[in-house]
Amino acid sequence: AQMGADVVLLEGHKMGGDCLNYGCVPSKALIATGKAAYGQRHSAQYGVADAAGEVDYAAAKDHVADVIAQIAPVDSQERFEGFGVNVIREFGRFISENEVQAGDTVIKARRIVIATGSSPLVPPIKGLDGVPYETNETLFDLREKPGHLLIVGGGPIGMEMAQAHIRMGCKVTVIEGGKAMGKDDPELAAVVLDTLRDEGVVIEEDAKATEISGTAGAIEVQAEDGRVFSGTHLLMAVGRKANTDKLDLEKAGVKPSKNGIEVDASLRTTNKKVYAIGDVAGGLQFTHVAGYHAGVIIRSILFGLPSKAKTSHIPWATYTEPELSQVGMTEAQAKEEHGSAVEVVRFHYNHNDRAIAERKTKGFIKLMVVKGRPVGASIVGYQAGELINLWALALANNMKMGQIAAMVAPYPTIGEVNKRAAGAYYSPRLFENVWVKRVVGFVQRFVP
Ligand SMILES: Cc1cc2nc3c(=O)[nH]c(=O)nc-3n(C[C@H](O)[C@H](O)[C@H](O)COP(=O)(O)OP(=O)(O)OC[C@H]3O[C@@H](n4cnc5c(N)ncnc54)[C@H](O)[C@@H]3O)c2cc1C
Ligand SMILES: NC(=O)c1ccc[n+]([C@@H]2O[C@H](COP(=O)([O-])OP(=O)(O)OC[C@H]3O[C@@H](n4cnc5c(N)ncnc54)[C@H](O)[C@@H]3O)[C@@H](O)[C@H]2O)c1
């Protein structure tokens with residue numbers, strides 16, 4: 001709209017979507033509560049007496065609601081109308097290849113973008129429909145503190161909420177069908193999982209939930225192998241389902257895929273006038289990916305220019321403490337793709353002076369480098385989600401390691417971890433190189 005296009009935005013539920021109302025924003029606000037409580041209980045190491053870190057669960061939810069309210073104006077109907085967008089607060093559904101109906105309004109459009117997101121997947125587990133359970137759509141409104149929260153699913157939602165809740169004083173059991181944090185490098189995931197276990201979270205792996213029973217306050221989850229877990233509350237965090245039910249896709253000739261809607265590299269669906277972006281496109285499901293997709297299709301829709309989405313430079317982070325972040329290939333992926341051409345360099349937080357001062361020395365960075373260029377970075381540790389930004393820049397621009405090593409980082413910052421990791425790539429080349437030693441020896445002896 002700000003570039004002069006005639007735009008109609010349909011929103012059937014809350015402006016701001018999942019991220020603002022049920023996802024990133026409330027989860028990070030609740031993680032902040034957990035961190036504050038944990039900080040009080042572990043402050044003696046800084047010379048400040050430890051305190052109880054007692055959490056008022058309902059007050060924590062007020063804090064969550066206030067954080068959402070502070071960000072909401074950015075996603076509000078008023079703001080978008082101010083840009084000249086015609087906002088209609090109705091669910092849309094296709095009635096033809098280029099028409100969408102929203103309430104009583106029919107909109108005929110040159111191009112249509114499906115950005116309907118995803119919802120919590122609730123699998124058909126025996127007994128689940130008869131038991132009260134939370135999802136990310138209800139958890140942030142829950143005001144009674146769970147005595148013992150059972151979380152089915154050990155992905156990012158499960159692990160972030162497990163740590164937030166143990167720190168808020170709940171008992172927590174995570175029931176994971178495969179490996180917890182299974183989409184991440186297992187070496188880094190282990191650092192996070194060990195920390196959560198040390199804090200008291202019970203993480204049961206290879207425990208696929210197959211039967212659920214009980215009533216409010218007394219819930220039992222049974223795993224395939226017969227293990228039984230009891231708790232007071234249940235959070236289902238087993239993945240997402242694309243929001244396509246209401247769309248009548250077939251009327252527009254838009255083909256669904258296994259995880260959402262089928263799209264080509266330019267995010268066009270099987271109807272070339274219709275695009276699908278964000279979670280509903282069925283790829284990586286992150287807010288920054290949805291935003292990136294929007295940028296890709298704006299180029300094509302408004303300027304008619306070719307534009308393709310790629311994934312090789314997309315970072316992600318899980319906001320446990322320590323955080324875990326990734327961009328590009330993991331070590332295993334890089335070795336599969338590039339074989340022995342991959343060099344893996346590491347740098348540990350316990351050699352970073354600022355991390356020592358802050359007592360945040362757990363964790364490390366691992367870089368995968370091919371022919372002098374990074375192809376992947378994995379970080380577990382304090383502020384890993386912030387540190388990955390540099391490597392996201394490097395991968396997006398195909399930068400060389402030398403360009404990173406040339407950067408001067410202020411001392412003492414956690415960000416020096418990045419610079420030192422780049423340095424670790426050059427160390428053997430400089431310090432274990434006979435030619436370097438010969439040249440230096442020659443200069444010492446003969447150059448005045
Ligand atoms: C608990 C949780 C934590 C998360 N944390 C993070 C995080 O820290 N970082 C991160 O990057 N990502 C995070 N995510 C993922 C992130 O929320 C999603 O990737 C992101 O919201 C996707 O954006 P979207 O625009 O595709 O969809 P959404 O944000 O879901 O928006 C889709 C909108 O479309 C509306 N809609 C649906 N159908 C129709 C229709 N037919 N007509 C009109 N409107 C319709 C919906 O009401 C909704 O408002 C988290 C998700 C969850 C659940
Ligand atoms: N920090 C972030 O960026 C962030 C945080 C939260 C969520 N998200 C996004 O939301 C998406 C959804 O998160 P999620 O954690 O729900 O999904 P997920 O798909 O990443 O993890 C779900 C987990 O549930 C397990 N599972 C499935 N069925 C099971 C069963 N019957 N019993 C036991 N375990 C079972 C799976 O093995 C998997 O490990 C993420 O993939 C991510 O894209 C991002």
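For this tour, Ala, Val, Leu, Ile, Met, Phe, Trp, Tyr, Cys and Pro count as nonpolar, Asp, Glu, Lys and Arg as charged, and the others, Gly among them, as polar. You're looking at a predicted model, where local features need pLDDT of at least 70, side-chain atom pairs count only at pLDDT 80 or more, and totals for chains, interfaces and linings use all residues. Residues are numbered from 1 along each chain as its sequence is written, while chains are lettered from A and ligands numbered from 1 in the order in which they are written.

**Stop 1: ligand 1.** Select ligand 1 and the 32 residues around it (near here means a C-beta atom, placed from the backbone, within 6 Å). G17, G23, G117, G278 and F286 come nearest. The elements giving two or more residues to this shell are α1 (17-21), α2 and α7 (287-303); helices (H or I, at least four residues) and strands (E, at least two) are DSSP runs, numbered from the N terminus. By type, the shell around ligand 1 holds 12 nonpolar, 15 polar and five charged residues.

**Stop 2: ligand 2.** Here there are 28 residues around the ligand, with G153, G155, G177, G239 and Q285 nearest. Colour α5 (156-167) and β17 (315-318), which each supply at least two residues of the shell; α5 gives the most, with four. The shell around ligand 2 divides into 13 nonpolar, 10 polar and five charged residues.

**Stop 3: α2 against α3.** Now show residues 24-41 and 57-71: the axes of α2 and α3 come within 9 Å and cross at roughly 135 degrees. Axes are lines fitted to C-alpha atoms, for helices over the stretch in contact, and angles run from 0 to 180 degrees between N-to-C directions. The two helices are therefore oblique to each other (under 35 degrees is roughly parallel, over 145 roughly antiparallel, 65 to 115 roughly perpendicular, the rest oblique).

**Stop 4: two strand pairings.** Go to β3 (92-96) and β4 (99-102), antiparallel and joined by four bridges; strands pair if DSSP finds at least two bridges between them. A hairpin links β3 to β4 through two residues, and S96 has E99 as its bridge partner.

Finish on the open sheet β11-β12-β13, with antiparallel pairing. β11 (209-215) and β13 (228-231) stand at the edges, each with a single partner strand, so one side of each lacks a neighbour in the sheet.
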